[in-house]
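Open the model in your viewer and keep the selection tool ready. We will go from stop to stop.

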Amino acid sequence: VMFNTGMSFFHSRTIIPNFLNHLGAPSIVIAVASLFDTIGWHLPQFIASRYVIHRPLKMPIYRTSAIIRMICICVAIAAPMLYGTIPTPWVLVMFVAGFGAFALAGGFAGLVFMELVAKTCPPQKRGSYFSWRAILGNITAAILGVAVVGPVIGAYHFPLQYVVLFVIGTVVIALGLYVFALQKEPPTRNLPQQRSMRQHVGHARNIFSQDHHFRKLVVLRGLMMVWLAGTPFYFLFARERFGFHDTEIGWCIAAELGGSILANILWGYISNRIGNRILLVIAAAMATVLSVGLLLFDSGLLPWWVFFGVFAVSASAE
């Protein structure tokens, strides 16, 4: 909950795109940097799993990753502090490199996190666990979005408002990582033998070719990542099309997190009582309908205030 709350100060659909847009970043940089949290969680895990899977205790890897992540995010938040003293392109490079390394290190931590979830949370309760994790974190982040993010952006000039937000987020993230790192991990038994990277790739290839359920899941996740690449531009579109101001970022965050809170109440129930396959179908359908619906805003058929619903629905689908 603390980690998710801290990450709301690096919000991928509003704060990060707007900050990078102020620095004159190209659209491709905005899209990729806004997806760092998602990319960093998934991309390194295949390589990381080769070094993690045979270890009876995984927490030492998590603690090392947490230290690396904090160093990297401090590099990222130092970038706006240097704005005006070094060339703007270097500020952009410094932030993207630091935030990107922070996210990639999360892939190693993510494996350990899921391992501990598997050890401590029974399968029939995991839907409830992830739902409540999202609900509680989003309630806190939604309150902070209105009470902190909006006022901070309105009170300071660029880039000081982003320095304040990033520092607050980093402190909360550090507290979350510290609390999680205090856990005592029960050792894993019946571990597979250590594999070479070649053997690891071959094992993964066999799973992908033989398990058609897993193969379809990978394809679906890949397509959803393509859809997610467009979500960082929602606020930039609203600013150009409807005249949204930076001070309304907090309300956009609150709308998104509010939609996620309501959705996760339902998603947890469906996961526990019906299954997860239907959730994937619902998410893909919502993403498709939302993408088509955006055309109605561009054509002027829907009023500006309905656009807050775009943030709510996109969070629900994600």
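Why is helix H2 largely enclosed by the rest of the structure? Select residues 15-22 to find out. This is a predicted model. Six of the eight residues of H2 are buried, so the rest of the structure largely encloses this helix. Buried here means under 20% relative accessible area. Colour Ile15, Ile16, Pro17, Asn18, Phe19 and Leu20: these are the buried residues of H2.

Now step just past the end of H2 and click Gly24. Its phi is positive, at about 80°.

**Next stop: two packed helices**

Two packed helices are described by the angle between their axes and the distance between the axes. Select residues 45-52 for helix H5 and residues 197-210 for helix H10. They pack at an angle of about 120°. Their axes are 10 Å apart. Are H5 and H10 parallel or oblique to each other? Angles over 145 degrees would count as roughly antiparallel, and 65 to 115 as roughly perpendicular. H5 and H10 are therefore oblique. Their crossing is right-handed.

**Next stop: a cis peptide bond**

Select Phe158 and Pro159 and zoom in on the bond that joins them. This peptide bond is cis, with omega about 5°. Where does Pro159 sit? Show helix H8 (126-155) and helix H9 (160-181) as well: Pro159 is in the loop between them.

**Next stop: a pocket**

Rolling a probe the size of a water molecule over the atoms shows where empty space is left. Select His212, His213, Lys216, Leu217, Leu220, Arg277, Leu280 and Val281. These residues line the second largest pocket. Two helices each give two or more residues to this lining: H11 (212-228) and H14 (277-298). Which helix gives the largest share? H11 does, with five residues. The pocket holds about 240 Å³ of space. By class, its lining has four nonpolar, two polar and two charged residues.

**Last stop: a cavity**

How many cavities of 30 Å³ or more are counted? The count comes to one. The largest cavity holds about 50 Å³ of space. To find it, select Ser12, Arg13, Ser34, Leu35, Thr38, Leu228, Thr231, Pro232 and Glu318, which line this cavity. Colour the lining by class: three residues are nonpolar, four are polar and two are charged.

Methods: Residues are numbered from 1 along each chain as its sequence is written. This is a predicted model: local features need pLDDT of at least 70, side-chain atom pairs count only at pLDDT 80 or more; totals for chains, interfaces and linings use all residues. Side-chain values use heavy atoms; hydrogens and water are left out. On a 1 Å grid over the protein atoms alone, a cavity is a set of points where a 1.4 Å probe fits but cannot get out, and a pocket is an open set with protein on both sides within 12 Å along at least five of seven lines; lining residues have an atom within 4 Å of a point. Grid points are joined across faces, edges and corners, and a volume is the space filled by probe spheres set on the points. Ala, Val, Leu, Ile, Met, Phe, Trp, Tyr, Cys and Pro count as nonpolar, Asp, Glu, Lys and Arg as charged, and the others, Gly among them, as polar. Buried means under 20% relative accessible area, exposed over 50%, partly exposed in between (1.4 Å probe, protein chains only). Helices (H or I, at least four residues) and strands (E, at least two) are DSSP runs, numbered from the N terminus. Axes are lines fitted to C-alpha atoms, for helices over the stretch in contact, and angles run from 0 to 180 degrees between N-to-C directions. Angles under 35 degrees count as roughly parallel, over 145 as roughly antiparallel, 65 to 115 as roughly perpendicular and the rest as oblique. A crossing is left-handed if the near helix is turned anticlockwise from the far one by less than a right angle, and right-handed if clockwise.
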